[in-house]
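Subject: The two-chain model

Hi,

Here is the structure I promised to pass on. Have a look at it first, and then read my notes below.

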2 protein chains.
Amino acid sequence: MSAAMERIRAVYLLDVPEAVAQARANALAVEQSVEMPVEAIADRHVLADVVARVESVRARDGRFEVVLGIACPTTGPEASQLLNMLFGNCSLQPEVELVDVEFPDGYERSFPGPRFGIEGIREMTRAHGRALTCTALKPQGSSVAHLARLAETFARAGIDVIKDDHGLANQADQPFAERVPAVQRAIHEANRATGGCTVYAPTFSGSPRALEAQARIARECGVKMALAAPMLLGVPAFLEMQAELDIPVMAHPAFAGAARIAPPLLLGTLFRLFGADATIFPNHGGRFSYSRSTCMAIADAARRPWNEMKPTLPVPAGGMTVERVPEMLEGYGKDTMLLIGGGLLVAGERLLERAREFVAAVRR
Amino acid sequence: MSAAMERIRAVYLLDVPEAVAQARANALAVEQSVEMPVEAIADRHVLADVVARVESVRARDGRFEVVLGIACPTTGPEASQLLNMLFGNCSLQPEVELVDVEFPDGYERSFPGPRFGIEGIREMTRAHGRALTCTALKPQGSSVAHLARLAETFARAGIDVIKDDHGLANQADQPFAERVPAVQRAIHEANRATGGCTVYAPTFSGSPRALEAQARIARECGVKMALAAPMLLGVPAFLEMQAELDIPVMAHPAFAGAARIAPPLLLGTLFRLFGADATIFPNHGGRFSYSRSTCMAIADAARRPWNEMKPTLPVPAGGMTVERVPEMLEGYGKDTMLLIGGGLLVAGERLLERAREFVAAVRR
């Protein structure tokens with residue numbers, strides 16, 4: 001890459017006294033690039049093209065906003081090395097928060113981005129011109145037969161995407177190799193009966209080799225979507241899995257609460273760059289404390305125009321109820337998938353009816 | 001596994017008002033296991049053997065300490081699923097901190113743990129009865145020839161382990177396939193001249209397939225140790241890499257600053273469980289703000305007796321100097337490797353001499 005190439009602009013908030021703000025900004029630039037005293041560097045190429053630059057320092061809401069210019073070639077470009085340059089060492093400094101990143105035009109072409117995006121998921125589920133519905137198979141520890149029955153009920157109700165609970169991994173109670181074919185078959189049969197096209201997104205988890213084995217099983221039984229937690233798998237494995245699977249992938253935020261990376265950046269921009277076709281996040285007013293504006297910013301980062309990069313489908317979740325559907329639709333618009341899991345399962349015997357109410361409320 | 005098997009005891013600190021502490025503890029148990037309303041669960045096996053239990057709630061330093069009993073089978077047992085059950089969803093709840101985990105005896109046998117541990121690293125470097133020395137090749141952006149020269153100088157000085165800077169990944173300036181054979185050759189030649197046995201630990205980074213390719217290159221040129229950041233690679237890929245490489249692996253803490261997992265737990269206990277033979281952490285009084293007691297607790301977690309599990313070598317680092325060697329040796333004892341990187345490189349023309357002073361100070 002050309003030395004003159006524009007830099008990645010990474011925005012940090014530093015919780016430090018004013019007297020040391022500039023010095024801490026300079027130290028941050030060193031920490032996030034060469035990680036050694038600059039005065040000991042003789043190589044002009046390193047000084048000019050590798051050391052990160054402090055582009056600005058300004059007071060902001062009681063902290064100091066520091067914009068670093070990070071040289072693109074230092075990031076590989078590869079996903080884990082990008083994270084390393086953005087927040088590798090400074091993740092260990094509690095006074096530093098990474099709040100935003102602006103990539104130079106064209107940088108995003110180093111990554112595949114979402115392969116299917118919102119339109120791909122709409123086509124697969126034939127859900128056009130409206131928001132989508134999603135629910136989850138729970139709880140872990142259930143028999144495979146129970147999970148398959150639940151899936152059949154949800155599919156009969158016309159829910160667009162049925163995902164595994166993110167706690168359904170590959171445990172003895174519900175091994176992937178038994179659960180996934182059984183659930184996919186149940187959904188397939190319900191689809192045949194109703195003429196619907198409900199899609200199943202099982203949880204992919206474990207080591208790279210385990211993911212390969214799961215991909216084989218999923219392909220064999222016709223699975224059309226995948227659920228995975230990038231921060232548990234590791235982002236590089238998450239990317240490799242997509243190439244292997246070639247079906248839409250929904251990102252789960254488990255273990256992503258680094259808390260000092262702003263959620264719109266991590267769950268929106270970065271997960272999109274790393275190829276998530278849909279991104280689940282905790283909606284405001286549920287079991288999690290994200291504010292409404294944080295949630296809207298996540299959805300915006302997932303969907304906003306970004307050159308040729310496909311948009312990612314925002315999936316607000318986390319303690320949602322059918323009663324909140326109208327308000328959520330108003331807030332997020334139709335390029336959204338609403339996820340209600342436990343809020344349907346509490347209906348017990350009335351599960352089919354409750355799931356139908358959810359579907360009707362979204363289609364209304 | 002038997003339903004009666006002892007549970008994993010996970011200790012959290014909750015920053016919540018006293019009036020809701022018990023309710024939040026109950027909700028946490030649900031969040032970290034079945035993630036759905038317990039009243040909607042009919043399956044007795046799930047209720048008895050899967051739902052996490054609140055074992056205690058008590059006031060502690062202005063917060064509430066909650067001990068959860070997490071059922072072992074829910075964790076797989078597999079590394080990413082263990083992290084998921086310990087801190088998957090609640091990582092998204094800023095009021096929750098994971099401070100400690102106690103595993104039932106025998107649980108650790110589900111993981112390989114360190115394959116070499118402290119003794120294995122001592123044998124490889126012939127460093128017996130004393131602390132070890134370590135330095136880093138920096139900065140990224142340097143030519144391969146420059147890095148090889150640095151390595152040769154350090155090896156001639158008798159440093160035990162020369163690691164890549166964690167920012168040296170696989171970038172165009174210093175591709176793994178060129179850098180690693182060249183640096184290994186330089187060290188090999190210095191060893192032959194001095195009769196020493198300095199070991200090189202290059203940075204392994206990127207996707208599972210990239211790691212495989214790097215393992216092949218490393219094997220071919222006789223690399224005897226590896227450096228990797230588990231939180232950047234993903235813990236499952238970190239584990240799989242160890243099996244592939246079969247040489248000691250040093251864990252780097254980059255991107256591990258989830259901040260709400262106590263560092264002794266993550267960098268000590270968990271990285272050890274996940275197979276790190278050595279673990280780098282930011283020493284107190286350097287560029288990072290960990291306290292002395294946090295650092296001592298990390299070293300303790302890395303080395304304390306744990307059934308058959310080998311101990312992990314603690315590697316305090318991050319802005320250390322030769323002047324601090326006596327104090328660090330006094331604090332950490334000899335089952336430790338001291339890492340000084342930039343603190344040697346500032347010596348410029350006096351690098352060999354400075355590196356020898358470091359070696360002498362540690363051997364003294």
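A:Glu240 and B:Arg209 form a salt bridge, with N and O 3.7 Å apart (a salt bridge here is a side-chain nitrogen of Lys or Arg within 4 Å of a carboxyl oxygen of Asp or Glu). This pair runs between chains, from helix H9 (residues 235–245) of chain A to helix H7 (residues 208–220) of chain B. Helices (H or I, at least four residues) and strands (E, at least two) are DSSP runs, numbered from the N terminus. A:Glu240 is buried at 18% relative accessible area, whereas B:Arg209 is partly exposed at 46%. For those words, buried is under 20% relative accessible area, exposed is over 50%, and partly exposed is in between (1.4 Å probe, protein chains only).

B:Arg209 also forms a salt bridge with A:Glu244, where the closest N and O atoms are 3.1 Å apart. B:Arg209 is in helix H7 of chain B and A:Glu244 in helix H9 of chain A, so this pair joins two chains as well. A:Glu244 is partly exposed, at 28% relative accessibility.

Before going further, some ground rules. This is a predicted model, in which local features need pLDDT of at least 70 and side-chain atom pairs count only at pLDDT 80 or more, while totals for chains, interfaces and linings use all residues. Residues are numbered from 1 along each chain as its sequence is written, chains are lettered from A and ligands numbered from 1 in the order in which they are written, and side-chain values use heavy atoms, with hydrogens and water left out.

On confidence, chain A has a mean pLDDT of 91, and 98% of its residues reach 70 or more (pLDDT is the predictor's confidence in each residue, from 0 to 100). The model's ipTM is 0.87 and its pTM is 0.89.

How are the two chains related? Chain B superposes on chain A by a rotation of 180° with 0.0 Å of shift along the axis, at an RMSD of 0.0 Å. In chain B, B:Gly234 has the C-alpha nearest the axis, 1.7 Å from it. Both copies use the same surface, since 99% of the contact residues of chain B recur in chain A (contact means heavy atoms within 4.5 Å).

Now to helix H9 of chain B, residues 235–245. There, 9 of the 11 residues are buried, so the helix is largely enclosed by the rest of the structure. Among the buried ones are B:Val235, B:Phe238, B:Glu240 and B:Leu245. Just after H9(B), B:Asp246 has a positive phi of about 55°.

Chain B has an open sheet of 4 strands in the order E2-E3-E1-E4, with antiparallel pairing (two strands pair if DSSP finds at least two bridges between them). Its edge strands, each pairing on one side only, are E2 (53–60) and E4 (96–102). From one strand to the next the twist averages 20°. Strands E1 (residues 8–14) and E3 (residues 63–70) of chain B pair in the antiparallel sense over 7 bridges, and B:Val67 in E3(B) is the bridge partner of B:Val11. Helix H1 (residues 18–31) of chain B packs on the sheet, touching E1, E2, E3 and E4, and its direction makes about 150° with that of E2(B). Axes are lines fitted to C-alpha atoms, for helices over the stretch in contact, and angles run from 0 to 180 degrees between N-to-C directions.

In chain A, an open sheet of 4 strands runs in the order E8-E9-E10-E11, with parallel pairing. E8 (226–228) and E11 are the edge strands. E10(A) and E11(A) pair over 5 bridges in the parallel sense, and A:Pro282 has A:Ala317 in E11(A) as its bridge partner.

E10 and E11 of chain A are also among the elements that cover the buried residues of H4(A). Those buried residues of helix H4 (residues 117–125) include A:Ile118, A:Ile121 and A:Arg122. Just after H4(A), A:Arg126 takes a positive phi of about 50°.

In chain A, the network to look at links A:Glu323, A:Arg350, A:Glu353, A:Arg354 and A:Glu357. Within it, A:Glu357 and A:Arg350 meet at 3.0 Å, N to O.

Cheers

Definitions and conventions
Least-squares fit on C-alpha atoms with pLDDT ≥ 70 in both.
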